[in-house]
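User: I have a structure open and would like to learn how to read its features one by one. Could you walk me through them?

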Amino acid sequence: MSVTLPDGATTPGVISSVGTVATTATGSSGSATTTIPVQVKLAHPDAAGTLDQAPVTVNLTTGSTPGPVLAVPVTALVAQSPAGYAVEVTGPGNTRRWVPVRPGMFDDADGLVQVTGNLTPGQHVVVAAS
């Protein structure tokens, strides 16, 4: 896991304890949020400098794949009928073709998805406009 500090620097961390009692709070919109306290210990405490209490972002990796993988933006993935997915790749002279792919792990933090199919590194995929 990594912890992003208020200045944008990141440092590794480990979960040091997990609470045993969940609490539920109702927000101003009326929706309830249930949480369990989790303590994260920085692997390099000096990275936090003089911070005592500050908002941070904790990035938790829930899965990984050994070795290099091909990943494309999630917005390049197109559902095909009746089943499956494809990406549109560009070629010489701005030609385009559809390549069937099988999605793997999703990287929510970066908006990427691992794909397998008849693709090679460096090919350009078409991304939907946002």
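User: How much space lies in the second largest pocket?

Analyst: A pocket is found on a 1 Å grid over the protein atoms alone: it is an open set of points where a 1.4 Å probe fits, with protein on both sides within 12 Å along at least five of seven lines, and lining residues have an atom within 4 Å of a point. Grid points are joined across faces, edges and corners, and the volume is the space filled by probe spheres set on the points. Here the second largest pocket holds about 310 Å³. Its lining has 14 residues, and the closest to the centre are Val-3, Val-40, Leu-42, Ala-54 and Val-56. Do keep in mind that this is a predicted model, where local features need pLDDT of at least 70, side-chain atom pairs count only at pLDDT 80 or more, and totals for chains, interfaces and linings use all residues. Residues are numbered from 1 along each chain as its sequence is written, and side-chain values use heavy atoms, with hydrogens and water left out.

User: Which strand gives the most to the lining of the second largest pocket, and how do the residues of that lining divide?

Analyst: Strands are DSSP runs (E, at least two residues), numbered from the N terminus. Strand E5, residues 38-42, gives the most to this lining, with five residues. For residue classes, Ala, Val, Leu, Ile, Met, Phe, Trp, Tyr, Cys and Pro count as nonpolar, Asp, Glu, Lys and Arg as charged, and the others, Gly among them, as polar. The lining of the second largest pocket then splits into 10 nonpolar, two polar and two charged residues.

User: What volume does the largest pocket have?

Analyst: The largest pocket has a volume of about 410 Å³. It is lined by 17 residues, of which Thr-61, Gly-63, Phe-106, Asp-107 and Asp-108 are the closest to its centre. Two or more lining residues come from each of strand E10 (96-107) and strand E11 (112-117). By class, the lining has eight nonpolar, seven polar and two charged residues.

User: Which residues form a nonpolar patch on the surface?

Analyst: A patch is made of residues with over 30% relative accessible area and no salt bridge, and nonpolar side chains (Val, Leu, Ile, Met, Phe, Trp, Tyr) are joined within 5 Å. Accessible areas come from the Shrake-Rupley method with a 1.4 Å probe, and for residues only the protein chains shown count as cover. In this model Ile-15, Val-18, Ile-36, Val-38 and Leu-60 form such a patch, with about 450 Å² of accessible area together. Leu-60 sits in the loop between strand E6 (57-59) and strand E7 (70-73).

User: Is Leu-60 buried or exposed?

Analyst: Buried means under 20% relative accessible area, exposed over 50%, and partly exposed in between. Leu-60 counts as exposed because its relative accessibility is 56%. Thr-62 belongs to the loop between E6 and E7, and at 78% Thr-62 is exposed too. From Thr-62 to Asp-107 the C-alpha distance is 9.7 Å, although the two are 45 residues apart in sequence.

User: How many salt bridges does a search of the whole structure find?

Analyst: A salt bridge is a side-chain nitrogen of Lys or Arg within 4 Å of a carboxyl oxygen of Asp or Glu. The search finds one: the side chains of Glu-88 and Arg-96 meet at 3.8 Å, N to O. Glu-88 is buried at 16% relative accessibility, whereas Arg-96 is partly exposed at 47%.

User: Where is the cis peptide bond, and which residue has a positive phi although it is not a glycine?

Analyst: The bond from Ser-81 to Pro-82 is cis, with omega near 5°, and Pro-82 lies in the loop between strand E8 (78-79) and strand E9 (85-90). The positive phi, about 60°, belongs to Asn-94. Asn-94 is placed in the loop between E9 and E10 and is exposed, with a relative accessible area of 56%.

Key: Helices (H or I, at least four residues) and strands (E, at least two) are DSSP runs, numbered from the N terminus. Patches are made of residues with over 30% relative accessible area and no salt bridge: like charges are joined within 9 Å, nonpolar side chains (Val, Leu, Ile, Met, Phe, Trp, Tyr) within 5 Å. Buried means under 20% relative accessible area, exposed over 50%, partly exposed in between (1.4 Å probe, protein chains only).
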